[in-house]
Amino acid sequence: FHLTLSSSCAGVLHLLEHEEEYVFTLPSAYARSILTIPWVELGGKVNISCARTGYSATVTFHTKPFYGGKVHRVTAEVKHNPTNTIVCKAQGEWNGSLEFTYSNGDTKVIDTTKLPVIRKKIRPIANQGPLESR
């Protein structure tokens, strides 16, 4: 038994210092093992695009097969739309090790568990709008 929670709405991320706006969809969240130890799994495709730069990405969250397989797997592809060029591909676990392969043949591995934790910067509550939340 599993419960599917999905969203068809898109988010928008503004990078003010670069004057870029990224529009992205969200993956589905699946509640797993409700009768034993519950956990949440992400699944489906996420599309990210920036009209200003012409770059887009498709990130696929792979759900774990019923028998065997790994959890939290992702694959991704970054494309420069004006030239129809794939500039980067990625694969790994979204909460573990990710390997990036660039169009020039270079590769880079990032272990997300070793990245520093950076505190969120938020405006004082008195300066937040009525629909904002910490």
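Strands β5 and β6 form a hairpin with four residues between them, and G54 in this turn has a positive phi of about 85°. Strands here, like helices, are DSSP runs numbered from the N terminus, with at least two residues (E) for a strand and at least four (H or I) for a helix. The model is a predicted one, in which local features need pLDDT of at least 70 and side-chain atom pairs count only at pLDDT 80 or more, whereas totals for chains, interfaces and linings use all residues. Residues are numbered from 1 along each chain as its sequence is written, and side-chain values use heavy atoms, with hydrogens and water left out.

Residue C50 stands opposite Y55 of β6. The bridge partner of T58 in β7 is E77.

H80 is located in β7, which spans residues 73-80. With a relative accessible area of 19%, H80 is buried; buried means under 20% relative accessible area, exposed means over 50%, and partly exposed lies in between, for a 1.4 Å probe and protein chains only. The side chain of H80 makes a polar contact of 2.9 Å with the side chain of T83. A polar contact is a pair of N or O atoms within 3.5 Å; within protein, one atom must be able to donate a hydrogen and the other to accept it, and residues adjacent in sequence count only if both atoms are side-chain atoms. When residues up to four places away in sequence are not counted, H80 touches T53, G54, Y55, T85 and V87, a contact being heavy atoms within 4.5 Å. Among these residues is G54, the turn residue with the positive phi.

Side chains of opposite charge can pair when their charged atoms come close. The structure holds four salt bridges, each defined as a side-chain nitrogen of Lys or Arg within 4 Å of a carboxyl oxygen of Asp or Glu. One of them joins E20 and R52, with the closest N and O atoms 4.0 Å apart. This pair links distant parts of the chain, 32 residues apart, with E20 in β3 (residues 20-25) and R52 in the loop between β5 and β6. E20 counts as buried at 15% relative accessibility, whereas R52 is exposed at 55%.

A salt bridge is also formed by R32 and E41, where the closest N and O atoms are 2.8 Å apart. R32 is buried, at 17% relative accessibility, and E41 is buried as well, at 2%. In a further salt bridge, the side chains of K89 and E77 meet at 4.0 Å, N to O. K89 lies in β8 (residues 85-93) and E77 in β7, so the pair ties together parts that are 12 residues apart in sequence. K89 is partly exposed, with a relative accessible area of 45%, and E77 is partly exposed at 32%.

The largest pocket holds about 400 Å³ of space. Pockets were located on a 1 Å grid over the protein atoms alone, a pocket being an open set of points where a 1.4 Å probe fits, with protein on both sides within 12 Å along at least five of seven lines; lining residues have an atom within 4 Å of a point. Grid points are joined across faces, edges and corners, and the volume is the space filled by probe spheres set on the points. The lining of the largest pocket comprises 24 residues, of which I48, A57, V59, A76 and V78 lie nearest the centre. At least two lining residues come from each of β3, β5, β6, β7, β8 and β9 (97-102).

Overall, the chain has zero helices and 10 strands. Its C-alpha atoms fill a box of roughly 50 × 45 × 30 Å along the principal axes. Of the 134 residues in the chain, 21% are buried. Among contacts between residues at least 6 apart in sequence, 22% join residues at least 24 apart. G105, in the loop between β9 and β10 (107-111), is exposed, with a relative accessible area of 52%. The C-alpha atoms of G105 and C88 are separated by 9.4 Å, at 17 residues apart along the chain.

Terms used. Two strands pair if DSSP finds at least two bridges between them.
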